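Colleague: Can you walk me through this model? I'm new to reading structures.

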Amino acid sequence: MIRRPPRSTPSNSSAASDVYKRQQVYMVEEIPPIHILVAINILRNPYKFVELIQLFLQERKRVYEYLKLLNGVKAFRTDSNFIFMQFKHNTQPIFEYLCSKGILVQNFDKLLDFKNKEKSLLVTLGTNTINDKFIMNLVEVLEAISQSST
């Protein structure tokens with residue numbers, strides 16, 4: 001296999017060295033103290049960190065599976081700490097209701113060229129308690145919308 005070097009590097013350069021050259025060098029003084037404290041804590045307790053990641057992955061799967069059961073909601077799989085959802089109805093009342101309950105949710109009103117932006121939401125996942133609060137409030141608002149439309 002012949003590999004063409006990136007255009008920004010001389011022909012005898014490898015892709016790895018190109019990436020290395022582009023990496024930003026940070027002085028310790030430039031790294032926010034909270035990031036340093038978190039890194040130290042992770043290095044002191046690596047197994048606890050792995051355990052927390054496993055708990056979060058289980059929680060994300062639980063929320064996703066529950067959302068799949070709701071009528072009028074299509075949840076998309078994710079590898080991050082949020083879930084993208086599309087709804088049958090306009091999401092503005094859902095967005096406003098969830099925000100009023102303190103749930104971290106984002107709509108896409110400000111994106112001009114986003115398809116189905118008025119029917120899409122992004123929710124940030126949290127602890128088991130926070131996610132239960134999200135699910136409970138989402139079910140409440142969806143029931144209210146379905147009763148008002150009949």
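Modeller: One term to begin. A polar contact is a pair of N or O atoms within 3.5 Å; within protein, one must be able to donate a hydrogen and the other to accept it, and residues adjacent in sequence count only if both atoms are side-chain atoms. This is a predicted model, so local features need pLDDT of at least 70 and side-chain atom pairs count only at pLDDT 80 or more, while totals for chains, interfaces and linings use all residues. Residues are numbered from 1 along each chain as its sequence is written, and side-chain values use heavy atoms, with hydrogens and water left out.

Colleague: Good. Which side chains have a polar contact with R62?

Modeller: E59 and D132. The side chains of R62 and D132 make a polar contact of 2.7 Å. With the side chain of E59, R62 makes one of 2.5 Å.

Colleague: And where is R62 found?

Modeller: In helix α3, which covers residues 46-69. Helices (H or I, at least four residues) and strands (E, at least two) are DSSP runs, numbered from the N terminus.

Colleague: What else is R62 in contact with, leaving aside its neighbours within four places in sequence?

Modeller: N128, N131, D132 and I135. Contact means heavy atoms within 4.5 Å. R62 and N131 are 69 residues apart along the chain, and their C-alpha atoms are separated by 9.4 Å.

Colleague: Why does R62 count as partly exposed?

Modeller: Because its relative accessible area is 33%. Buried means under 20%, exposed over 50%, and partly exposed in between (1.4 Å probe, protein chains only).

Colleague: And N131, buried or exposed?

Modeller: Buried, with a relative accessible area of 1%. N131 lies in helix α5. Leaving aside neighbours within four places in sequence, N131 is in contact with E59, R62, V63, L125 and G126.

Colleague: Let's zoom out. How many helices and strands are in the protein chain?

Modeller: Five helices and four strands. From the N terminus on, they run α-α-α-β-β-α-β-β-α. Of the 150 residues, 25% count as buried. Take contacts between residues at least 6 apart in sequence: 53% of them join residues at least 24 apart.

Colleague: In what order do the four strands sit in the sheet?

Modeller: The order is β1-β2-β4-β3, in an open sheet with antiparallel pairing. β1 (73-75) and β3 (105-106) stand at the edges with a single partner strand each, so one side of each has no neighbour in the sheet. Two strands pair if DSSP finds at least two bridges between them.

Colleague: How many bridges does β1 have with β2?

Modeller: Three, and the pair is antiparallel. Strand β2 spans residues 82-87. A hairpin of six residues links β1 to β2. K74 stands opposite Q86 in β2.

Colleague: And how many bridges join β2 to β4?

Modeller: Five, again antiparallel. Look at F82: T124 in β4 is opposite. Strand β4 (residues 120-124) also pairs with β3, over two bridges. There, V105 has V123 as its bridge partner.

Colleague: Loops next. What does N107 touch, not counting residues up to four places away in sequence?

Modeller: Q92, F95, S120 and L121. N107 sits in the loop between β3 and β4. N107 counts as buried because its relative accessibility is 16%. Its side chain also makes a polar contact of 3.2 Å with the side chain of D109.

Colleague: What is the phi of N116 near?

Modeller: Near 60°, a positive value in a residue other than glycine. Most residues other than glycine have a negative phi. N116 is also in the loop between β3 and β4. At 33% relative accessibility, N116 counts as partly exposed.

Colleague: Last topic, pockets. How much space lies in the largest pocket?

Modeller: About 240 Å³. On a 1 Å grid over the protein atoms alone, a pocket is an open set of points where a 1.4 Å probe fits, with protein on both sides within 12 Å along at least five of seven lines; lining residues have an atom within 4 Å of a point. Points are joined across faces, edges and corners, and the volume is the space filled by probe spheres set on them.

Colleague: Which helix gives the most to the lining?

Modeller: Helix α5 (residues 128-149), with five residues. The lining includes L70, F87, H89 and V139.
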